[in-house]
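User: I'm new to this one and would like a close look at a single part, the place where the chains meet. Could you walk me through it in plain words?

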Amino acid sequence: MAVSNTLALKHKIQPDTPRRVFANILRNGLIIIIALTLVALLLIVLLKPLLASAQVEETVTTTLAQLLVLVLPYLVYISSGSTVREYVKTHLGQALGLALIGTLILYSIVTIGQFFFHIGPFVQASSLEMTLGPIENGSIVEALVPNGAAELAGIQVGDVITAVRRDPVDRNTLIQMISRAEPDTPLRLRILRNGEELQLTARTVLSVNVNTEALLSGLVVALIITIAAIFWPGNWTPYVLLIVILAPLMLGYLWLIIATFSYRTEGLIPLDGQNNLGGWTLANWDFLFGQDIVNLNVNIWQITLNSLIIALSMTALVLLISSMAGYALSRMNFKGRRAFLSFTLVLHGFPAVTLLIPIFFVLAYLGEMPLIGKIIGFNKPLGIALIMVAFELPLGTWLMKGYFDGIPWDIERSALIDGASRWRTYWEILLPQIRPGILALGVFSFIAGWNAFLVPQTYSIGTGTVNLPVFLSQLINETAATNWNQIAAVGLFQLIPVFVIFIFAQEYLLNIYAGGTKGSS
Amino acid sequence: MTESVELEGGGSSSEKRKLQSSRSRIRAFQANFTAYAFLAPAGLLVLVFFLIPVAIIIYLSMTNLSTSNFTTNLAAMENVGFENYRILINDQFAAKIFYNTIFYVLVTLGLFNVSLALIVSLLTTHINRRAGFVFRALWILPRITASTVYIMLWRRLVVEAPYGIINQFNTLLSQPTYNYLAEYPWEVVMLVNGFIGVSFGMIIFTSAIESIPKDLMNASLVDGSTIMQRIRYVIMPLLRWPLLFVVTYQTLSLLTSFEQILLLTNGGPGLYATEVWSLTAYHRALSNYFGNTQWGYGSAFAVVLVLLGVVMAIIYMRFFRFGELVAEPKIEVL
């Protein structure tokens with residue numbers, strides 16, 4: 001390729017010299033510093049006031065800016081290390097030295113910036129200007145800033161702070177309390193001094209609590225990161241990144257599995273009634289045998305049956321109707337073919353969920369019709385399924401047409417010559433040919449029907465169409481946090497078929513969840 | 001029509017021709033009829049659940065139908081013309097909800113549905129093939145998990161200590177703990193929706209990257225380009241169309257889907273803090289917690305989205321190589 005050719009030439013013409021490598025380190029570092037700082041400033045100075053003036057209550061801009069500021073130093077040191085990755089292969093000592101000196105310079109730039117913006121080690125926070133250490137019944141004062149807030153309040157080294165007002169606090173809570181207080185907030189501290197108890201009121205002040213130790217350890221961390229970046233095996237990076245990004249999700253699923261088999265959980269840790277580690281139990285699954293769930297007496301199997309009816313009837317209908325339409329669109333020429341095809345495509349892009357309101361009226365009308373109303377009216381799983389079939393239809397038709405297009409005409413032609421009807425050709429000859437398509441669309445429809453929440457939730461007035469997801473949302477809304485593990489069990493119960501499908505049909509799912517764009521992109 | 005193709009050798013006399021043409025007309029009718037029979041079920045469903053609803057909602061948005069007069073008597077509603085739209089424009093919260101929606105869609109789209117999707121597809125195509133497939137498959141999980149279960153997981157991740165999983169890590173690192181859903185509602189809403197949204201772009205980008213000719217990649221490898229250079233000069237230029245497609249398609253799905261927000265914050269905390277346009281339509285017309293469902297007014301909100309949906313859908317059809325897709329079938333009738 002021409003572009004990469006010129007790149008390579010540029011690379012060859014100017015071989016690496018120590019001076020060039022060093023310049024590259026500084027340049028890359030500075031680019032990162034300037035770019036991230038600019039983006040952070042843009043977020044805070046421009047975007048935040050703009051959103052505020054539009055009445056949007058948000059903290060996203062601040063969070064993003066804080067994140068950028070947080071990762072900035074690390075990115076700089078990593079870039080400093082990775083810039084010499086090539087050079088280190090030929091000149092080990094020189095490269096190491098250059099990278100470390102570069103990091104040292106970049107570290108001082110970052111630190112000056114942090115000082116300037118009051119961030120990082122120079123962050124301004126409410127404080128009482130004393131150092132606290134942990135002790136059994138509170139926190140012990142280890143050091144005081146001369147003429148600081150704590151000293152002015154009369155606190156001495158060696159005092160034990162046990163409570164704020166009447167609430168007992170340990171060290172972490174106290175530190176959190178102080179740092180979250182507005183500046184100049186009076187805090188009434190209960191203090192133990194030489195065995196006697198006294199109360200002192202200290203006022204928080206806004207201060208920058210810098211200690212040289214923190215700055216020094218920051219520098220050491222920077223140098224370590226640089227060296228790590230030089231020798232880090234590069235092919236690990238994608239794996240680490242992918243795992244880190246996915247971590248919250250995987251932890252969530254992990255919790256679900258832990259929770260269903262334990263008495264209660266704090267975070268990911270299963271606990272029993274006495275707050276001891278463990279508490280493994282199968283009691284959460286009692287609902288399968290007719291026991292109450294969270295004190296609600298329901299028949300879970302009836303609800304599961306509703307879910308199944310919706311999912312299976314939806315799968316069958318979607319497959320039948322969309323493969324019929326797909327066949328006609330792929331194999332026949334008729335008046336209005338082009339129009340129908342383009343209309344299908346428009347519907348494929350159209351968000352059906354916006355039509356929930358009027359479909360309410362359609363459903364009400366269908367429910368009043370003499371015969372049909374008994375099957376597909378309100379509170380009938382089939383009615384719910386039919387709406388969702390209609391929603392999936394554009395995608396299904398489009399997908400089926402694509403699969404039919406891929407089947408050679410010859411087989412069908414011989415069947416037609418032998419006198420088979422169109423219907424018979426479609427049913428007996430062509431459908432078996434597109435089995436992968438049927439399987440993919442079937443799996444997709446089944447999952448969509450099994451997970452259906454919004455449509456059944458919106459149109460179920462009684463209990464006739466309550467399926468598992470709707471039932472779950474009722475459970476979540478009606479209970480306190482204590483029964484979460486039983487709800488989790490119901491959730492996992494709902495998830496099991498999905499997991500099974502996921503394990504056996506990943507490839508189909510991966511293909512179809514791009515909206516069946518197999519043919520269009 | 002092309003029916004004449006199937007007729008055997010051409011006759012010369014005019015009678016024969018007449019006979020042929022009448023026979024071919026019957027054939028044509030039969031062919032059309034069979035095709036329509038195959039299309040009938042789909043057509044009926046589209047009529048009942050797409051076309052009629054669009055007509056109903058446009059009509060509804062010009063009426064004052066609401067719970068106060070919605071008993072069983074649909075005749076009790078009045079046609080009020082564009083009154084609902086006038087109220088909507090002057091509604092003091094409509095502006096806030098409008099900007100909320102733009103903010104939510106743009107940030108989620110930019111950070112997750114496009115950027116993270118691109119990052120994930122680049123990472124998974126540059127590692128072991130099998131491992132890449134496993135990671136991509138894992139990203140499908142949020143999409144195939146029922147929304148209620150998925151939201152339950154996220155609630156548990158972000159809830160206040162000691163129950164919350166993230167807060168447990170905060171405590172371990174002796175950091176302060178937060179009630180994330182109350183203090184950072186938008187962040188959680190965007191994360192939750194973004195994690196679902198990643199898979200769509202990821203799949204599209206991955207197939208686009210994998211379809212880049214091997215020669216091109218090899219050439220750039222031989223030339224000694226670094227990974228970053230390859231991404232910048234080889235991959236990105238070829239991703240322009242997929243990028244545009246993902247941006248437009250996901251903008252529309254973010255604009256119109258509200259299921260996760262409904263379950264997570266239901267528009268709160270506080271007054272419409274995380275309320276978006278589609279959720280408002282739902283709240284006004286269908287979620288009767290306070291007993292005042294305003295069908296007409298809610299429909300006015302929804303009509304805005306319906307019209308936008310139609311316009312965007314037509315745009316997709318025009319831009320994404322539609323002509324090739326509707327090409328005439330190769331052999332039509334025997």
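This is a predicted model: local features need pLDDT of at least 70, side-chain atom pairs count only at pLDDT 80 or more; totals for chains, interfaces and linings use all residues.

Analyst: In it, 124 residues of chain A touch 131 residues of chain B. Three residues of chain A, namely N333(A), I357(A) and L510(A), supply 6% of the area that chain A buries against chain B, more than any other three residues. Taking both sides together, the area buried between the two chains is about 11,300 Å², and carbon and sulfur atoms give 77% of that area.

Now for the charged and polar links. The count between chain A and chain B is one salt bridge. Its partners are E57(A) and K96(B), whose side chains meet at 2.3 Å, N to O. As for polar contacts, 13 residue pairs turn up across the interface of chain A and chain B, with both residues at pLDDT 80 or more.

Which element of chain A gives the most to the side that touches chain B? That's helix α8 of chain A, residues 237–260, with 15 residues. Sorted by type, the residues on this side of chain A come to 83 nonpolar, 27 polar and 14 charged.

A word on the partner, chain B. Its secondary structure comes to 15 helices and zero strands. Chain B has 334 residues, and 52% of them are buried. Among the contacts in chain B with a separation of 6 or more, 64% are between residues 24 or more positions apart.

How confident is the predictor here? For the model as a whole, the scores are ipTM 0.81 and pTM 0.82. Chain B averages a pLDDT of 79, and 85% of its residues score at least 70. Residues 1–11 of chain B are a stretch to read with care: the pLDDT there is below 50, though the stretch still has 16 contacts in the model beyond near neighbours in sequence.

To put that one bridge between the chains in context, the structure holds 10 salt bridges over all chains. One of them pairs R193(A) with D159(A) at 2.9 Å, N to O. This pair links distant parts of the chain, 34 residues apart: R193(A) is in strand β6 of chain A (residues 186–193), while D159(A) is in the loop between α5 (149–153) and β4 (160–164) of chain A. Both R193(A) and D159(A) are buried. Another salt bridge joins the side chains of E197(A) and R190(A), at 3.1 Å, N to O.

K401(A) and D405(A) also form a salt bridge, at 2.7 Å, N to O. These two are about one helical turn apart, because they are four residues apart in helix α13 of chain A, residues 381–405. K401(A) has 6% relative accessibility, so it counts as buried. D405(A) has 31%, so it counts as partly exposed. There is also a network, in which salt bridges that share partners join R331(A), E412(A) and R422(A).

T61(A) counts as buried because its relative accessibility is 2%. Leaving out residues up to four places away in sequence, T61(A) touches L43(A), I44(A), L47(A), K48(A) and L51(A).

Conventions: Residues are numbered from 1 along each chain as its sequence is written. Chains are lettered from A and ligands numbered from 1 in the order in which they are written. Side-chain values use heavy atoms; hydrogens and water are left out. Contact means heavy atoms within 4.5 Å. Buried area is the accessible area (1.4 Å probe) that two parts lose on being put together, summed over both. A salt bridge is a side-chain nitrogen of Lys or Arg within 4 Å of a carboxyl oxygen of Asp or Glu. A polar contact is a pair of N or O atoms within 3.5 Å; within protein, one must be able to donate a hydrogen and the other to accept it, and residues adjacent in sequence count only if both atoms are side-chain atoms. Ala, Val, Leu, Ile, Met, Phe, Trp, Tyr, Cys and Pro count as nonpolar, Asp, Glu, Lys and Arg as charged, and the others, Gly among them, as polar. pLDDT is the predictor's confidence in each residue, from 0 to 100. Buried means under 20% relative accessible area, exposed over 50%, partly exposed in between (1.4 Å probe, protein chains only).
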